[in-house]
Amino acid sequence: MIAMNANATGMAAAREAPPRLAELLAKQRPDWHSEWAWANYKSTLVDLVRADHLRHLCEIGGGRDPSFTAEEAAELGITLTINDISATELEKAPPGFPTACFDVSGDIAAAGIAPGQFDLMFSRMVFEHVKDVRQAWRNIHTLLAPGGVAVAFFPTLYSLPFLANHLMPEWLSSAIVRAFYPNRGEETDDPKFPAVYDWCFSSEARMLPMLRDCGFSDVAIQPFWGHGYFKRLPVVRQIDDAFNALAARRDWRSMSAYAYVLVRK
Ligand SMILES: C[S@@+](CC[C@H](N)C(=O)[O-])C[C@H]1O[C@@H](n2cnc3c(N)ncnc32)[C@H](O)[C@@H]1O
């Protein structure tokens, strides 16, 4: 399917077709609960890097807290560019990485970002903040080298906490977060960014046509159910846990809380 242009990137040359993303993901044996998604996000990226010989990486919205240390990047043999829309976030990024300040859904040509330069673009808890996610996926397609892969890990609608956050005015959701999580907020190390949840779904029926329209040849979507927001509410948590287990068994995508979306150019 993909004749690899191995000259421009560090990807393996002598391969007829890369493995399908669903197969790569299945090898991780993902569990239905979102705890698995949080615990295994980084190892999923590392396995992709190794399986596909990806070299030039970009973390979208990596900001102050990128997924890899400089030592880990060196050990993996990768270059990691940290992207963020916010120059303030990038100022707080650890030293030793190139940074690129641009809106992933903005005009990347006007921002002077060279196309086809990355083998892997990935993001964690960023897409829910992006105003035009379809344009973000189009831009990612442009920025990926042929055969390149992108991974997005984001919260999905219509899980209760995210639906509530979506429907509430920002001042109210910020006040609630501050009340329950005093270590969250602008002045702390864990600020709350406004969320819009554009295209934040795990339903394949919804997502596949949009992602194929953006040009991706292979797509895999892994839904996860359950979240940690009811941790301190014993009875509510037990009812929610039981409901999520049922939703996962029945594959009720509209009730998922998070998703991994993997795409290949
Ligand atoms: C909730 S934080 C997540 C940070 C980090 N990825 C993590 O998992 O800890 C969201 C980050 O995405 C950035 N961001 C939001 N919208 C963006 C956009 N359109 N383009 C690039 N970065 C964006 C924010 O500035 C912020 O640094």
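This report describes the fold, the core and several individual residues of a predicted protein model.

Residues are numbered from 1 along each chain as its sequence is written, and side-chain values use heavy atoms, with hydrogens and water left out. Because the model is predicted, local features need pLDDT of at least 70 and side-chain atom pairs count only at pLDDT 80 or more, whereas totals for chains, interfaces and linings use all residues.

**Overall architecture**

The protein chain contains nine helices and seven strands; these are DSSP runs numbered from the N terminus, with helices being H or I of at least four residues and strands being E of at least two. The radius of gyration of the protein chain is 18 Å, close to the 18 Å given by the globule rule for 265 residues, so the chain is as compact as a globular protein of that length. That radius is taken over C-alpha atoms, and the rule is 2.2 Å times the number of residues to the power 0.38. Along its principal axes, the C-alpha trace spans about 55 × 40 × 35 Å.

Of the 265 residues, 49% are buried (buried means under 20% relative accessible area, exposed over 50%, and partly exposed in between, with a 1.4 Å probe and protein chains only). Among contacts (heavy atoms within 4.5 Å) with a separation of 6 or more, 73% join residues 24 or more positions apart.

**Surface and charge**

The protein chain exposes about 12800 Å², and carbon and sulfur atoms supply 56% of this area. Accessible areas come from the Shrake-Rupley method with a 1.4 Å probe; for residues, only the protein chains shown count as cover. There are 26 positive and 31 negative side chains, and the centres of the two sets lie 5 Å apart. Lys and Arg count as positive and Asp and Glu as negative, while His and the chain ends are not counted; each charge is placed at NZ of Lys, CZ of Arg, CG of Asp or CD of Glu.

**The nonpolar core**

The largest nonpolar core has 71 residues, of which Trp137 and Ile140 touch the most other members. Such a core is a set of buried Ala, Val, Leu, Ile, Met, Phe, Trp, Tyr and Cys residues joined through side-chain atoms within 4.5 Å. Not counting residues up to four places away in sequence, Ile140 touches Ile60, Val104, Met121, Phe127, Ala150 and Phe216.

**Backbone features**

The peptide bond from Leu157 to Tyr158 is cis, with omega near 15 degrees. Tyr158 lies in the loop between strand 5 (144-155) and helix 6 (160-167). Two non-glycine residues with positive phi are tabulated below.

Pro30 lies in the loop between helix 1 and helix 2 and is partly exposed at 24% relative accessibility. Pro30 and Phe224 are 194 residues apart in sequence, with their C-alpha atoms 8.9 Å apart in space. Beyond four places in sequence, Pro30 touches Leu25, Trp36, Gln222 and Phe224.

Ile221 belongs to strand 6 (residues 218-224) and is buried, with a relative accessible area of 7%. The C-alpha atoms of Ile221 and Val263 are 8.7 Å apart, although the two residues are separated by 42 residues in sequence. Leaving aside neighbours within four places in sequence, the contacts of Ile221 include Ser202, Met207, Leu208, Tyr260 and Val261.
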